[in-house]
Amino acid sequence: MDNSFIKMLKALENDYKKLDMEVLYPDVQTTEVMLPMSDGVKLKTYVYYGKEVPEGSSLPVILQRSPYAHSMDIYQVHGKNLAQRGFVYILQFCRGTGQSEGEWEPNVNERQDGLETLHWLQSEPWVKNIGYWGDSYLASTGWFMADVVPSKVKGMYLGVYGTDRFTSVYSKGMFRHDVLTSWAMENAGYPVDSDYLESCRFMPHYKVDECLWGRKLPWYRQWITAPREDDAYWQQGFWKMLREIPSKVNIPLLITDAWYDHHLGSALKSYETLSWEAKKHTTLIVGCWNHYSENCIEWDEPQNLQNREVPIMIKWFRTLLMEDRIPESKVRTYIIGADEWKEYPEWPMPVKSQKKFYFNAGERAGSGKKLTLSESPAEPLSKTEFTYDPKNPVPSLGAESMLKSINKVGSMYQPEPGFREDVLSFISEPLEEEFSIAGKMRVYLQVSTDCDDTAFTAKVMEVRGDGKSVNIRSSITTIAADYPDKRYVSDGKSVHDEDSRKAMENREDTYTPGEIAEVCVEMWDIAWKLQKGSRIRVDISSSDFPQYSVHSNDAGIWSRQEKTRVAHQVIYCGGVYSSRLEIPVLNERS
């Protein structure tokens, strides 16, 4: 056990010691059960409870279901402390993990196994009521059954996970390697010793399991060969069922996530699609930390982060299970840059207005191109270019959707503007007043390329008073993902013009190299206070690796591509080509 893990366990113990909650049962007993499922498979189940609990008592139960046997030391801390305070803590390992029988296959058995476990608890007289608690995969095992739980289940605490799986796997057709490839390698069900980055780069990627990892992983191949949201894999069966579960839930939920967690986009969609019955008693908390609840703001040490989970969890379950009170709905979000929390009656956050910053690539005497952002549309037409080579991608630094490279996640100091020839940095004048971002920023780019398809990235930053840039949000898109609804014709007229629309009626729904098209880089929600005097910087490029897969610059399913080629990218500004950044501004008075 390394020092960092020991330190984490001590911090967890300290969280419990600080609770304003009496220790009722100092001595704790653990019972191990091999709980049989209907198909004969037995699941390893641990039951923690106070030794001095009076005979015949019925107690509140907190259940967790996990595939992570390596985290047993953490579960033991929870089991001991929860049992001391009057709960029964139950930990069950998913089939094929942690001494549970059966074959490990992620996701597909969790609904049935979880429900059978709940119905066992429902029938036990020592169970007063039940709360489910879990983060990440442990939250997924809760979501999988949240719509059909028995009557003793009073609520669920579900952290850093969402039910819209496609959102967690792809952004505009670009696969999230650092989350899903790394997770597949570490949870394949057998040791995978291959180099991680070599695995991410392997072409054709759909063969990486067999060629580098030693055997086929059918579930991973399904992920990487279904890059569109309307692919059948996401629109039927298990993932369709999961996506629809929130609309059928009728128990209170506590949903937590973080601005720099890779499940944020999916978690917010889950909240937005909750049934009315569930939403009126559900709390949504979005803080500023990474997947492991760690501060990930490199440039600040916030005093009000409130990133310890145990106090929040205990307070909620104490209200729900011990006091038999149903919590009211609440939305709380942390505002980065202000180090404060805001509370709203509902989600999304209230927006007062939209600020637009237009891209300009005009000439400046003696200095070549000057890439700027302005709140007024640029005139006249200008353009700027760069070359994108998939064999030399831009490395991810300051990201929101990474797991393996967790040290690159969060708001971090960024390199100087234009630090690579394939990165274009557009910078505004100093802001005349402060304002807070609330929601999804979008970058609309008018682009062309000499390839059949390609990717474009955008990273929005604040250049603070000391001149250093820190990232706020980033994302990626492809021409194929936005095509053909937002195309432009070669004479510069928008498809929204009548003549342009008629000119395109007979065109195929594939991009023609050299054609000008509009793409939208849509970013996940954020709450961020921009300071007066700061500048806004937007970096445009075509890669962000390994946060996202590297685009080969050929059309088609990315994981089946066998080669790459260089792309020559053009960004158009001014005139009818309104490349721009759109920022939703928080309504501070709501």
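The side chains of Lys404 and Glu186 meet in a salt bridge, with 3.6 Å from N to O (a salt bridge here is a side-chain nitrogen of Lys or Arg within 4 Å of a carboxyl oxygen of Asp or Glu). This pair links distant parts of the chain, 218 residues apart: Lys404 sits in the loop between strand 15 (382-388) and strand 16 (424-428), while Glu186 belongs to helix 6. Helices (H or I, at least four residues) and strands (E, at least two) are DSSP runs, numbered from the N terminus. Lys404 counts as partly exposed, at 42% relative accessibility, and Glu186 counts as exposed, at 55%. For these labels, buried means under 20% relative accessible area, exposed means over 50%, and partly exposed is in between, with a 1.4 Å probe and protein chains only.

A word on where the numbers come from. This is a predicted model, in which local features need pLDDT of at least 70 and side-chain atom pairs count only at pLDDT 80 or more, while totals for chains, interfaces and linings use all residues. Residues are numbered from 1 along each chain as its sequence is written, and side-chain values use heavy atoms, with hydrogens and water left out.

Back to the charged pairs. Side chains of opposite charge can pair when their charged atoms come close. A search of the whole structure turns up 33 salt bridges. One of them joins Lys80 to Glu13, with the closest N and O atoms 2.9 Å apart. Lys80 lies in helix 2 and Glu13 in helix 1 (residues 3-17), so this pair ties together parts that are 67 residues apart in sequence. Lys80 is partly exposed, with a relative accessible area of 31%. Another salt bridge runs between Arg221 and Asp209, again with 2.9 Å between the closest N and O atoms. Here Arg221 comes from helix 9 (residues 218-224) and Asp209 from helix 8 (residues 208-213), 12 residues apart. Arg221 counts as buried at 15% relative accessibility, and Asp209 counts as buried at 1%. Elsewhere, salt bridges that share partners join Lys356, Glu518, Arg580 and Glu582 into one network.

Next comes strand 4 (residues 88-93). How many of its residues are buried? The count is 6 of the 6, so strand 4 is largely enclosed by the rest of the structure. In a regular strand the side chains alternate between the two faces of the sheet. Both faces of strand 4 are covered: Val88, Ile90 and Gln92 are buried on one side, and Tyr89, Leu91 and Phe93 are buried on the other. Strand 4 also has pairing partners, where two strands pair if DSSP finds at least two bridges between them. Strand 2 (residues 42-50) runs antiparallel to strand 4 and is joined to it by 4 bridges; Val47, for instance, has Ile90 as its bridge partner in strand 4. Strand 3 (residues 59-66) pairs with strand 4 in the parallel sense, over 6 bridges, and Ser66 stands opposite Phe93. Between strand 3 and strand 4 the chain crosses through helix 2 (residues 72-84), and this β-α-β crossover is right-handed. Right-handed means that, with the strands pointing away from the viewer, the path from the first strand over the helix to the second runs clockwise.

The largest nonpolar core holds 170 residues, and those with the most contacts inside it are Trp143, Trp259 and Val443. Such a core is a set of buried Ala, Val, Leu, Ile, Met, Phe, Trp, Tyr and Cys residues joined through side-chain atoms within 4.5 Å. Helix 14 (residues 309-322) gives the most to this core, with 7 residues. Phe359 has its place in strand 13 (residues 351-364) and is buried, with a relative accessible area of 1%.

What about the cysteines? The search of the whole structure finds 0 disulfides, a disulfide being a pair of cysteine sulfur atoms within 2.5 Å. For Cys296, the closest cysteine sulfur is in Cys288 at 4.9 Å, too far for a bond. Cys200 has its closest cysteine sulfur in Cys211, 15 Å away, which is also too far for a bond. Cys296 is buried at 7% relative accessible area, and Cys200 is buried at 6%.
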